[in-house]
Amino acid sequence: MGRVGFFTDTSICIGCKACEVACKEWNAVPEDGLAFTGMSYDNTVTLGSDTWRHVAFVEQRRPLGNQEPGVGDMDFRWLMASDVCKHCTEAACLDVCPTGSLFRTEFGTVVVQQDICNGCGYCVPACPFGVIGKRESSGVAAKCTMCYDRLGDGQEPACAKTCPTDSIQFGDLDELRERAERRLEQVRAAGTASARLYGHDEGDGVGGMGAFFLLLDEPEVYGLPPDPVVTTRDLPSMWRHAGVAALALLAGVAATALPIWRRRG
Amino acid sequence: MTSQTDVRLDGSAELRTEREATPGSAGDRRERRRSPEAGPEKGPEKGPEKSYDSYYGRPVLNEPTWQEHDIAGYLFLGGLAGASSTLAAVAELTGRPRLARVGRVAALCALGGSFYSLIHDLGRPERFINMLRVFKVTSPMSVGTWILTAYGPQAVCAGAADLSGRLPRLGRAATVGAGLVGPAVATYTAALICDTAVPAWHEGFREMPFLFAGSAAAAAGGLGMLAAPLSEAGPARRVAMLGAAVECVAATRMERRLGPLAEPLKRSPLLRAGEALSLAGALAGVTVGRRSRIAAVAAGAALLAGSACTRFGIFRAGMESANDPKYTVQWQRRKLA
């Protein structure tokens, strides 16, 4: 089985949140608040242990291509995007997990083994996208599995299955990348010059994302980091610095007991 | 398996027409805005473009779930334990039995507190043993687990042999062994917090191990001064002075190098208090602390408090940098530019 992934084309997202519901239902993800946030139609706010698909709603006083928004003379566009775990090629959560609970599946996705995780929480600050969280009720880390159980049965993930506009597309990652390039050209040619791909490039800071996006604005507008880098890229240097510091501590303490200090007591 | 999408595991091809839709392609909004008859524009869209550099001001990162009293407390206690073991080993080998005892007992107590904090912070404490399933050099927590596995029994052995007065040769060997591993216990925690996406921690990874080593040495020296007799506390006073100096130099360098990312560090009252207490305690220790037992106790207490302030300050500054999207977004934009 080759690597599979999501291509989330936000230009055709209608903000219906069917993906959020399907994900919750299929994966039995607990309810995590039904609050009015005042953030447009968003009431899930952010990804976390109990939100594996999050639809962002952004209201901007800018035109969407040549569209007539129909609100007087005002420019307006409404950006919607269904965010999800990126299933990074170089996944920080997986790298830092001290129990081996997080692992890479045969589909190239990154999954938490709920029965192994002891809830150390290291994966939470390691993730450069703020995806994974520690579930209050169980005490262990939880995030999108790309419906590992469904994949094993030849089914596509619940969110992609339910998406009514095919904004969420699931499939072979290489094929999705090719399709995304074509789609980007199409959207741009149709007048939305601000369209860009996010996470499709294997040369980026996480080695390419298993779930990538077509966005209509800068990534940070949707709450995504503009240039995420897997933290473990710097780990060899961190170990070198920590090693030197440890040796310096050993030498420093030893030096304080040398006989040259005797006279001064 | 039937599906409506075309890229499928079974390769069936059937396309929905919606996915070819091109929002924004219809209409003549652009043209109308450019025409002079439309007159001057009104409303907020006329001014300089509003910059959308976050999603409703929400942080990009998820806040670390680590509890401050557990993990910041462990950063302090782990450092104190590791450096105390090294100080105890040096004291043991240079004929300072009472300073050695202070170091061993301090390490034993701090180690106990460390284990309590680390296990208490787990979401499933009863599964702490799962840490020993694997050894992963990519995970400082895994490496740290194994460092503690090498260090813990030796520190316990050294402390227990001292307190019970039994097996002196084994106790001596364990003292030296724990003293050799101690510096690793005191500095790996820097790699632990730096190996995250938290901006103020990650970007400080060059100085953090030295800051932690210095802070650990200052704490261990302080405790040695506080509890050991003046005649044997010489190395403790010098360790404290050296540690406080290294800690302050590393902190200053880090704040300078991080530029705008250093804001949470610079405005941390805990870090300023930590520096002041460490330096004051260390200076008092090597001056009046050499003659006056009371001064030595006060200086030692100040050093311990200073080290704790520094660790909690670093912890909080990291939390602050994780919770504000500007430290994530603007830093990454700067690097892209």
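1. Let's start with strands 2 and 3 of chain A: strand 2 of chain A and strand 3 (residues 77-84) of chain A are joined by eight bridges and pair in the antiparallel sense. Within this pair, A:Ala56 has A:Ala81 in strand 3 of chain A as its bridge partner. Strands pair here if DSSP finds at least two bridges between them; helices (H or I, at least four residues) and strands (E, at least two) are DSSP runs, numbered from the N terminus.

2. A word on what you are looking at. This is a predicted model, in which local features need pLDDT of at least 70 and side-chain atom pairs count only at pLDDT 80 or more, while totals for chains, interfaces and linings use all residues. Residues are numbered from 1 along each chain as its sequence is written, and chains are lettered from A and ligands numbered from 1 in the order in which they are written.

3. Back to strand 2 of chain A: six of its eight residues are buried, so the rest of the structure largely encloses it. Buried means that 20 or more other C-beta atoms lie within 10 Å of a residue's own, against 12 or fewer for exposed and partly exposed in between, with C-beta atoms placed from the backbone.

4. Chain A also has an open sheet of four strands with mixed pairing, in the order 8-1-10-9. Strand 8 (168-172) and strand 9 (196-198) of chain A are at the edges with a single partner strand each, so one side of each has no neighbour in the sheet. On average, neighbouring strands of this sheet are turned by 20° against each other, direction ignored. Strand 1 (residues 4-9) of chain A runs antiparallel to strand 8 of chain A, with five bridges between them; A:Phe7 has A:Gln169 as its bridge partner there.

5. How many residues does each chain bring to the contact? Chain A brings 88 residues and chain B 91 residues, where contact means C-beta atoms, placed from the backbone, within 7 Å. On the side of chain A that touches chain B, helix 7 of chain A gives the most, with 14 residues. That side has 42 nonpolar, 31 polar and 15 charged residues. Ala, Val, Leu, Ile, Met, Phe, Trp, Tyr, Cys and Pro count as nonpolar, Asp, Glu, Lys and Arg as charged, and the others, Gly among them, as polar.

6. Helix 7 of chain A packs against helix 5 (residues 168-194) of chain B at an angle of about 155°, and their axes are 8 Å apart. That makes the two helices roughly antiparallel (under 35 degrees is roughly parallel, over 145 roughly antiparallel, 65 to 115 roughly perpendicular and the rest oblique). Axes are lines fitted to C-alpha atoms, for helices over the stretch in contact, and angles run from 0 to 180 degrees between N-to-C directions. Among the residues of helix 7 of chain A that meet helix 5 of chain B are A:Met238, A:Trp239 and A:Leu250. This contact divides into 14 nonpolar, one polar and no charged residues.

7. Chain B has 12 helices and zero strands. Of its 337 residues, 55% count as buried. Helix 2 (residues 68-93) of chain B and helix 11 (residues 293-323) of chain B cross at roughly 135°, with axes that come within 9 Å, which makes helix 2 of chain B oblique to helix 11 of chain B.

Conventions
Contact = placed C-beta atoms within 7 Å.
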